[in-house]
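Visitor: Please show me the structure, and let us examine the grounds for each term used to describe it.

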Amino acid sequence: QAKSLFLYRNAESWTASMLRAFGGGEIPSQQAVLGFWMWSLPLISKISAYQVTDMSEINMALLAGFTWLNGIDRCLARMEAGQPILPVRYGDLRADPLTVTQKLFDFCGVQPGSGAALESVFAKDAQADTSIAQERTQHKIRKVSPEISADLRAIIAEHPIIQTVDYHLPGTLAVEQ
């Protein structure tokens, strides 16, 4: 009876967030690349398809693009296998957190507590007191460079299904604007 939620966002805004939180330089450290690979081994097959043989050839566009694609691919695979998943766009959650959260509770069959308690949760930075807290990352890069954006779009365009940085998963939670 388990149900899953999958929170996702546009690849470019996701990449900008990763750059702010984990580095901001266009060339990731070897530690960052290895960390991503260990976290998500399917990236290795995707990167090898681009015939990257030297880690120094991997830029942030490649790393972010493959990581983002991997998450979307894994969600699609689980959906195709019949797992009940409700995809939710991060932008929708940010724009109307109470409405989206109520719909998430409805999907999961959960009755929430007070709306005031939810409002207090959304008023806080979920990463407060960590190295990726908003107060620590706000001064860092806010946008993806045009070069990284072009590389990111090119990588994603080659995917047989996804093909766009603003891909919408089937069945994504609909929020009336």
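Visitor: How do you know that the span of helix α6 agrees with its twelve residues?

Guide: This is a predicted model, in which local features need pLDDT of at least 70, side-chain atom pairs count only at pLDDT 80 or more, and totals for chains, interfaces and linings use all residues. Residues are numbered from 1 along each chain as its sequence is written, and side-chain values use heavy atoms, without hydrogens and water. A helix is a DSSP run of H or I of at least four residues, and a strand is a run of E of at least two, numbered from the N terminus. The expected span is 1.5 Å times one less than the number of residues. For residues 97-108 this gives 16 Å, and the end C-alpha atoms of α6 are 16 Å apart, so the two agree.

Visitor: What makes Val100, Thr101 and Leu104 a group in α6?

Guide: Each is buried, that is, under 20% relative accessible area with a 1.4 Å probe, protein chains only (exposed is over 50%, partly exposed in between). They cover an arc, taken from the directions from the helix axis to the C-beta atoms, of only 100 degrees, which puts them on the same side of α6.

Visitor: Why is strand β2 called mostly covered?

Guide: Five of its five residues, 85-89, are buried. Ile85, Pro87 and Arg89 lie on one side, Leu86 and Val88 on the other.

Visitor: How do you know that β1 and β2 pair?

Guide: Pairing requires at least two DSSP bridges between the strands; β1 (residues 4-8) and β2 have five, in the parallel sense. Leu5 stands opposite Leu86.
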